[in-house]
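The sequence and the structure are shown here for reference.

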Amino acid sequence: LIAAQGMLGTLRTGYSRVVGNSDAPMTIDFSYDPDFRMPTSILKRRLTRAVVGYGSLEGVPRSSPADRAVFLPASALAAATVGDSVASNLVLIGYAVQKGWLPISPAALERAVGINGVAVGQNVRAFRCGRALAVDPGLQERILPQSPAKALAQPYEPASRLKSTDAEERLEQLTEKYAELLTEYQDARYASRFTALVARVRSAESQACPGLAGLAEAVARAAVHLMAVKDEFEVARLHTSRGFQEELRAAFVPQDPSRDIPLTYHVSPPMLSRFLKGRDGTPRKIAVGPWMTPVLRVLARLRGIRETVLDPFRYTKDRKLSRSLLAEFECTVEEVLSHLSPETHPIAVQLCALPLQVRGFGHVREAAAAKVRPMHARLLAEIRGEKPAPAQGSASPHHGCSAEPSL
């Protein structure tokens, strides 16, 4: 979506038409604000308003937004059709050409693609996909079927704003999905620890705050965020999973689905971090070749030793931080439940969702954890009915709570 003021100034109300990509790519803003979300709906309204206007104009025929502004998930359509979202522009051009909105014939445009000589087959297929979408509205749904997994992954409405039955249904789906994830991540026992926590919070919320929802979902999302950390074992499991290998072959060698693709891994081993420093003092990555793949396969199979005395990564700085954050979160949940009431419910939801702001790895994760601690202390004091105490660096606010729980 290109909706900057300079671009909008080139559009004429009642004459111009827009074919936009609703799969808006992330901008540089995300580098500075991890909570940044592309305001896609605002950009779409801005473009639609520029070509439709607020009402009829003298000499300009009335039209509906659908007549002049069309938005397609072009990146997803291109990726599903030709294996590369880079071809999204050709999907949009194909749609516009088929609609007669560009004064150029399809044959002429395909000849231009051939003359350019770059990814000719891929670009022609994307262009023809866009043309087909213009005459077959149901094609998009057939190319991009809405699966339950995709529905859960989309941005969601806060549960407190939904009807209770909707929130309960979504919580059931999330709990089941996350339990499966944690079973693959570690084992069924680890997943049962998660489901037991969510069930306890769900029961307490329904008893203390009838008619309210959102706390159990916040706990579920935060808990899985802290429990399924992408540590060494998980990175190995994800990179060697059958699904990942199949996606690589489909994207790069679709004509030879049995071929192994040699990979180069860019890693920053925690045990070598003190020797691998960048100019700013932060750890830097090194490149290792395909020989790393069998090592990762072995490491993935050994994930059962995670957090045991046999775990060679147990005492790294990252692991200690992960255990501390999870222990603090479990203590926070216990304290929240002891003060839970309809009045404290909004604070409880906000407090239990704080771990979702702790993202990244290594020094980035450390900085994120330190950033949320003052807010954690303030919300905890509010739910206790106390005056917030001055921030004490990175010390845990939970006295008497173990920071090294048995996993």
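## Exposed and buried sides of α7

In this predicted model, the face of helix α7 that is turned away from its buried side carries Arg111 and Ile115, both of which are exposed. The buried residues of this helix, which spans residues 106-116, are Leu109, Glu110 and Val113. These three lie on the same side of α7 because they cover an arc of only 100 degrees around the axis.

The cover over the buried residues of α7 includes α6 (88-98) and α8 (120-135). Just after α7, glycine 117 takes a positive phi of about 75 degrees.

## The largest nonpolar core

With 44 residues, the largest nonpolar core of the model has Leu182, Phe194, Val201, Leu215, Val219, Phe329 and Val333 as the residues with the most contacts inside it. Two or more residues are given to this core by each of α11 (164-185), α12 (188-208), α13 (215-227), α17 (317-338), α18 (345-352) and α19 (363-384). Of these elements, α13 gives the most, with nine residues.

Leucine 182, one of the residues with the most contacts inside the core, touches Asp187, Tyr190, Ala191, Phe194, Val224, Met227 and Ala228 when residues up to four places away in sequence are not counted.

## A separate core

Notes:
Residues numbered from 1 in each chain as written. Predicted model: local features only at pLDDT ≥ 70, side-chain atom pairs only at ≥ 80, totals over all residues. Heavy atoms only, no water. Buried < 20%, exposed > 50% of the residue type's maximum accessible area, 1.4 Å probe, protein only. Helix = DSSP H or I, 4+ residues; strand = E, 2+ residues; numbered from the N terminus. Arc of directions from axis to C-beta. Contact = heavy atoms within 4.5 Å. Core = buried A, V, L, I, M, F, W, Y, C linked by side-chain atoms within 4.5 Å.
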